[in-house]
Amino acid sequence: MDGELIRRTAADLAAAVAGGEVSAAEVTQAHLDRIAAADDRLHAFLHVAAEPALAAARAVDDRRAAGDALGPLAGVPLALKDVFTTADMPTTCGSRILAGWLPPYDATVTRRLRRAGVVILGKANMDEFAMGSSTENSAFGPSRNPWDLSRVPGGSSGGCAAAVTAFEAPLAVGTDTGGSIRQPAAVCGIVGTKPTYGGSSRYGVVAFASSLDTPGPLARTVLDTALLHEAMSGHDPCDSTSVAAPVPPVVAAARQADVAGMRIGVVTELAGEGYQAGVQARFGEAVELLGSLGAKVIEVSCPHFRYALPAYYLIAPSECSSNLARFDGMRYGLRVGDDGTRDAEEVMSVTRAAGFGAEVKRRIMLGTYALSSGYYDAYYGKAQQVRTLICRDFDAAFEQVDVLVSPTTPTTAFPIGERADNPMAMYLADLCTIPSDLAGNAALSVPCGLAPEDGLPVGLQIMAPALADDRLYRVGAAVEAALQQRWGQPLLTAANGLGDD
Amino acid sequence: MAPMSITREEVAHLARLSRLALSDAELDRFAGQLDVIIGAVARVQEVAAEGIPPMTHALPLVNVLRDDVVVPPLGAQAALAQAPAAEQRRFRVPRILADEA
Amino acid sequence: MTEPTVPVPLDQAAARYDPVIGLETHVELGTRTKMFCGCRAEFGAEPNSAVCPVCLGLPGSLPVASRAAIEYTIKIGLALNCSIAAWCRFARKNYFYPDMPKDFQISQYDEPLCTDGSLDITCDGRRFRVGIERVHLEEDTGKSLHVGGATGRIHGAEYSLVDYNRAGIPLVEVVTKPVAGTGALAPAVARAYVTELRDLLRALGVSDVRMEEGSLRCDVNTSLAPAGSARWGTRTETKNVNSLRSVERAVRSEIERQAAILDAGGRVRLETRHFHEDTGSTTPGRSKEEAQDYRYFPEPDLVPVAPPAEWVARLRAALPELPAARRARLQAEWGLADTDMTALHNAAALDLVAETVAAGALPADARKWWLGELSRRANESGIELAALPVTPAQVARVSELVASGALNDKLARQVLDGILAGEGGPDQVVAARGLAVVSDDSALAAAVDAAIAASPDVAGKIRAGKKAAAGALVGAVMKATRGQADAARVRELILQRLA
């Protein structure tokens, strides 16, 4: 096992492959070995596709040998959240109802990654149908935080974050609906972005909440995240909600890494009660750091952010109650109880009861309630109005500042099992991330230190207007570089959960 | 407006509407949890939103349309490959409750 | 309470109650592809051969709306005098059913593409303006085969087999406003409306509108109010109305059934009923009092549709001549009275006559053949006029041969016999059967002389000046020549001989 290869960045590995220093097959093998050694403790992967991955890697090597131009991430391995359809790998969405389902088509993001020469190592674990903040809602068992295996890696893209953090893959692609990329990135100490809604195609992304779901990148460095962001994004005619504008210049911005003259707003409402002291402390230091790098920092109030959580927990379940109706046992997936004694409706009900976990059931019923005749105006309708007000808060804020900042999530990684029986407590993990999902603008989480009380990672959240994703990388890269200088080493070298340093 | 607590009967009704055959134990547990959650999300009603339009999309997209051009289909084999049951090139499903008496 | 079993005859029912009807018509659009994906939209293909992740509703699939379908819908709205929405959205209609791939249907709810129009129809010489509430766009569902039951129907089936070829085909729903004031004509008005709508859709070229193939489907709503009352009665919705005749029968059946209930002091149940072709009556289905809550909300996977004003204007300018306008124009061109036009319309002969005129026949002649001889043949065979194996061009040719004297009416009918029997076109039949009119004097002379010789007393009357008696001799010559003699010429020859 080549310990050295797996600790390199994606940018570095791509250059090494392109330059002939190492073969893509070697890189992939090194990561497969790492998975074999670490994943039974981590459980980041639901499916590892070793042979197809090696074949894809060899194809990159062949192209290189033939003198073809390689893309900026060719030969780099990646973990793909199990919510993206893959025609050659099962797609379960972390659910029993889709156990073993082999889709007949690739998601657009899957196709674009393959075309870019990225090597998909396998499918990453997730909260069932992307509903959750800890990966404990996976029907196949939780993933674990490489910093402390008794703690959650966040969710719903917890498998992605765990894999990247533990060096099983330098890159991962997840989805963010209420914070599901940023929060895991924050509690694992890596970088994760929720691009502008519609920036990446949703075609082939099994839908949770259609107006909120956003595919996005995770990696250990801001530059790697930017490279992946660029490779996976762009307009898709198969997705009516996809953005027709060019992908913002995120890679250039990541290289620019300079915040001098930028105006930065600290959101008043995203602090206070419920926020862990160490999280607030590290966040405060990061804000000071930005000031010292030449940014102008002010406080900005976004008064309707207080209502973001309740609005989200009306809109998302409503859309999901409809999106998940298709899982009825008639055309694919689990079918239970079809022994001749039941009619179709009954088989549907028994199948769904057996195939869905508790959180999914709760949200389906909540959504059904919020959309019911007589309740629609007060619940779903009202929530969509609150959403407009939250957009307006953002618009007003972005008149005064170029980006907004906050902690990514109020606490560090909590212990597995601590919030599993308390839905409301679990929902609070999304307090800071939800506003950006509701508005559809861009947001990124970059590590800003370890909380003193538990030594666990804290994330700094940066938020930018829709289509201004590049600003995230400019600020994120500046913070990363400055903190790297301050710490003297990458943050992750302190991650000791797997006991291998 | 004070949020309504949700009764076990209402939860049972929601389960039926959503085609979820829940056990009694599940109904009891979910009723308690949903009551708390609904109480929390009902906070949106505190917001004065007279005349505020509901949000449709982060960007003002309209008229995203496709041309009337045929695209090759999946094919019956691929379509039926993952079917729980199939017969005569069709999806076999349990008997459907009659719509008419 | 048990239903009274004796329905009240329509005329009596209409004397005591005012029927109010409403119609919801679903039209499958004739676009090449489906509403939200590029699968072929066609009838009769191998099961599940025209499906893709989108129309199968596979996890991760997303809809993309068809420009052509929206265009067709706008055309329908414009032809029905509707306002076209400046901005509207699709909505999800949520319910579970095995023929629904997503267990929701993408439709339109409170923002239909077209609203507030009208369609004028004529029925029994009276004009009615049927208000159009809305025209909206949605996707069709799959089709189920029910296996194991007695008649292949859903009731008593063991299981079902679903084909999703039809799922996703664009469907336009046209909903009328309630139509009151029709009295005993209600069934006929309903039928006339559907007929006119069908003809309008055909003229627009947006659908092949074949009720027997399901590309035009009707649900009829019927209610009765006590005569002269301002309050309307409870309505029922009748489904499975699969032909124009069924539309009429279904409305009639409901009026008669509801009148019996009301007469007995009962209450009509708000419900969905199912029409039965064999009995011509309806039976109850799902009760509407437990109406489905479809939990409509705007479709988040699609963006709003905002048809630009220039586009709508271009579509309006390019509308073809609509049936009503065409009928008015033809009536003026042909110089016909209203009753004549109605006769043509009722006999479904209008298009046939128009095409025959276009092929060169005089309007009066074209009408004569189609409404006369050919209608008789169609009735005898129990088929529609348009189903007769004779074309307007052929009828025009026959008419032309008669006009030129090459055929007389009797011979022409024999020529039609031949065409209908599949012996070929008019000229072929004439030649094969040797049906030409004989006008050659030398050919006729012998027959004329023979007839005169055979009836000396008639001949005597003619010589005495009673020219009218010539008719009998003409008849004799016609008989002898198997109808092929030129009757007028024969008459002349007879009078000459006996002058």
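Begin by selecting Thr175(A) together with its surroundings: leaving aside residues up to four places away in sequence, Thr175(A) touches Lys81(A), Val83(A), Phe84(A), Ala130(A), Ser157(A), Ser180(A), Ile181(A), Val205(A), Thr214(A) and Pro215(A). The model on display is predicted. Colour strand 4 of chain A, residues 171-176, and Thr175(A) will be found within that strand. Is Thr175(A) buried or exposed? Its relative accessible area is 3%, under the 20% cut-off, and Thr175(A) is therefore buried. Among the neighbours listed above, Lys81(A) deserves a separate selection: its side chain and that of Thr175(A) make a polar contact of 2.8 Å.

**From chain A to chain B**

Next, display the contact between chain B and chain A, to which chain B gives 50 residues and chain A gives 66 residues. About 5000 Å² is buried between these two chains, and 69% of that area lies on carbon and sulfur atoms. Select Arg19(B), Met55(B) and Gln82(B): these residues account for 14% of the area that chain B buries against chain A, more than any other three residues.

Turn now to the charged pairs. How many salt bridges are counted between chain B and chain A? The count is two. To view a salt bridge in this contact, select Lys361(A) and Glu26(B), whose closest N and O atoms are 2.8 Å apart. Across the same interface of chain B and chain A, 20 residue pairs are in polar contact, both residues being at pLDDT 80 or more.

Which elements of chain B give two or more residues to the side that touches chain A? They are helix 1 (8-17), helix 2 (24-41) and strand 3 of chain B. Colouring the side of chain B that touches chain A by class shows 38 nonpolar, five polar and seven charged residues.

**From chain B to chain C**

Keep chain B in view and display chain C. This contact takes 37 residues from chain B and 56 residues from chain C. The two chains bury about 4100 Å² between them, with 58% of it on carbon and sulfur atoms. Two salt bridges are counted between chain B and chain C. Select Arg89(B) and Glu46(C) to see a salt bridge in which the closest N and O atoms are 3.7 Å apart. The polar contacts between chain B and chain C number 19 residue pairs, both residues at pLDDT 80 or more.

On the side of chain B that touches chain C, strand 1 (65-66), helix 3 (76-80) and strand 3 (90-94) of chain B each supply at least two residues. Strand 3 of chain B gives the most to that side, with five residues. By class, the side of chain B that touches chain C divides into 20 nonpolar, six polar and eleven charged residues.

Select strand 1 of chain B with strand 2 of chain C, residues 65-66; the two strands pair in the parallel sense over two bridges. Within this pairing, Leu65(B) has Ala65(C) as its bridge partner.

**Within chain C**

Strand 4 (residues 91-94) pairs with strand 15 in the antiparallel sense over two bridges. There, select Arg92(C) and its bridge partner in strand 15, Phe297(C).

Technical notes
Residues are numbered from 1 along each chain as its sequence is written. Chains are lettered from A and ligands numbered from 1 in the order in which they are written. This is a predicted model: local features need pLDDT of at least 70, side-chain atom pairs count only at pLDDT 80 or more; totals for chains, interfaces and linings use all residues. Side-chain values use heavy atoms; hydrogens and water are left out. Contact means heavy atoms within 4.5 Å. Buried area is the accessible area (1.4 Å probe) that two parts lose on being put together, summed over both. A salt bridge is a side-chain nitrogen of Lys or Arg within 4 Å of a carboxyl oxygen of Asp or Glu. A polar contact is a pair of N or O atoms within 3.5 Å; within protein, one must be able to donate a hydrogen and the other to accept it, and residues adjacent in sequence count only if both atoms are side-chain atoms. Helices (H or I, at least four residues) and strands (E, at least two) are DSSP runs, numbered from the N terminus. Ala, Val, Leu, Ile, Met, Phe, Trp, Tyr, Cys and Pro count as nonpolar, Asp, Glu, Lys and Arg as charged, and the others, Gly among them, as polar. Two strands pair if DSSP finds at least two bridges between them. Buried means under 20% relative accessible area, exposed over 50%, partly exposed in between (1.4 Å probe, protein chains only).
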